[in-house]
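The sequence and structure follow.

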Amino acid sequence: MDEDAPRALPAVSRLEPRDELPDPLEPLDGDRVRTAEDWRERRRELRRLLRHYVYGYAPEAPDIETETERTAGVLDGAATLVETEIGFPDLPADAPSITLALYLPTEVADADESAPVLLGLNWGGNHAAVADEAVTITDRAREYGADERGVASDYWCVDRVLSRGYGFATYHLADVDPDNPDRADGIRPYFDDELPGPPGTEWGSLAAWAWGLQRCVDALRERDGVRSDEIAVTGHSRCGKAALLAGATDERIGLVAPHQSGTGGTALSRDNGQESVGDITGTFPHWFADTFSAFHGQVDRLPVDAHCLAALVAPRPLIDTEGARDYWANPGRALDALRAAEPVWELLGEDGAADDLPLHEGDEMSEETVGAVCQFRRETEHTLDAGYVDAILDFADVHFDRA
Ligand code: GTR
């Protein structure tokens, strides 16, 4: 049976309120999870619950077709740019496509070697992430992206990523869904007849962006120069929520690094005290399935929460990077989620999280200090910069055996 095929799940009003967080190792019915095999079953259940009540059901992976163009010597000679247009042959010709920009370190590309790749979801257009005339400014980016090239280059610091021996890949969220409450102009309407869930559980923008990241993984795994089992996924804020969802629901992704992802990302919805379910579904109703808004004021009925999404990443490594002064994203409730998810890594034979989380800038990252689950904080507000990129890559170095 398809792991996402919905069986009848109760309406929100019929879910039992509960004081405690749902236990990721306690199925809805049946015995507590004790083995890796039991976990596979519970994992399917959690994934279904998360889709049904929070993010919505996305369609199956479609066939893709790709067209690629390579430009050597971009970023002052530091990288070869590989731009791939990812199209969907089974959709009508006017359906959106994804423009994936991949930068490989020049020494890797020239030697026909391969590199681990950091895949980030961007909001301003591929041309905003990297200031180089070679980067295509897509029609979507002209409509929905930043006006100028390179406005987010200090944010993504791709030169830094390359200098550490990693490739960097990115796509613009508007290619798939322009973050628009009326759903117009995105890919979602093309799949209206193919969604596996009942009415009210259709995918929102977060699930669509996550699906887009997964299509990028489809394409990256076919590319020379990419270590297919060392693709790390990241994104900031709403893009961090989508990155976590993508990584949690796609076991081909080797490492998951949501950055300041907040409610709907790593921070628990229960007892959040910052951005509540009512706040987020009131301002951004299109990010989620319609079912999620019904938990406003009754969050104790949620049969899943952020820790269940985090747990789907296990046994793969997960780093949650947070700003200590980024109160709205709620690093404290994100850390609580990681702690509540940790037993799943332990069940699967991994070291969960170190005792003294969060790590801070300057703390050593090694196998001894980080475990498979880590939270890292810097003294910042809501931003992404080289300090965070370095932390993600330090963690990736440990897990990809580069430390
Ligand atoms: C905020 C929203 C957050 C976060 C952020 C962003 O307004 O409340 O959940 O996603 O936007 O993506 O920039």
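**A covered strand and some backbone exceptions**

Strand 4 (residues 115-122) and strand 5 pair in the parallel sense, over six bridges. The model is a predicted one. Within this pairing, Leu119 has Ala169 of strand 5 as its bridge partner. Strand 5 also pairs with strand 3 (residues 98-105), here in the antiparallel sense and over three bridges.

Strand 5 itself spans residues 167-172 and is mostly covered, with six of its six residues buried. Its residues point two ways: Gly167, Ala169 and Tyr171 go one way, while Phe168, Thr170 and His172 go the other way. Both sets are buried.

The cysteines come next. How many disulfides does the structure hold? The count is zero. A disulfide is a covalent bond between the sulfur atoms of two cysteines. The cut-off for counting such a pair is a sulfur separation within 2.5 Å. For Cys157, the closest cysteine sulfur belongs to Cys239 and lies 15 Å away, so a bond is ruled out by distance. Cys216 is likewise in no disulfide, and its nearest cysteine sulfur, that of Cys239, is 12 Å away. Cys157 is buried, at a relative accessible area of 6%. Cys216 is buried as well, with a value of 0%.

The remaining points concern the backbone. Most residues other than glycine have a negative phi, and most peptide bonds are trans. Exceptions of both kinds can be located in this model.

The bond from Ala314 to Pro315 is cis, with omega near 5°. Pro315 sits in the loop between helix 12 (306-311) and strand 8 (318-323). Leu357 and Pro358 are also joined by a cis peptide bond, with omega at about 0°. Pro358 is placed in the loop between helix 13 (331-347) and strand 9 (359-360).

Positive phi values are found at Asp185 and Asn330, neither of which is glycine. For Asp185, phi is near 70°. Asp185 belongs to the loop that runs between strand 5 and helix 8 (205-220). For Asn330, phi is near 60°, and the residue lies in the loop between strand 8 and helix 13.

Is each of these two residues buried or partly exposed? Asp185 has a relative accessibility of 35% and so counts as partly exposed. Asn330, at 9%, counts as buried, the cut-off for that class being under 20%.

How values were computed: Residues numbered from 1 in each chain as written. Predicted model: local features only at pLDDT ≥ 70, side-chain atom pairs only at ≥ 80, totals over all residues. Heavy atoms only, no water. Buried < 20%, exposed > 50% of the residue type's maximum accessible area, 1.4 Å probe, protein only. Helix = DSSP H or I, 4+ residues; strand = E, 2+ residues; numbered from the N terminus. Pairing = 2+ DSSP bridges.
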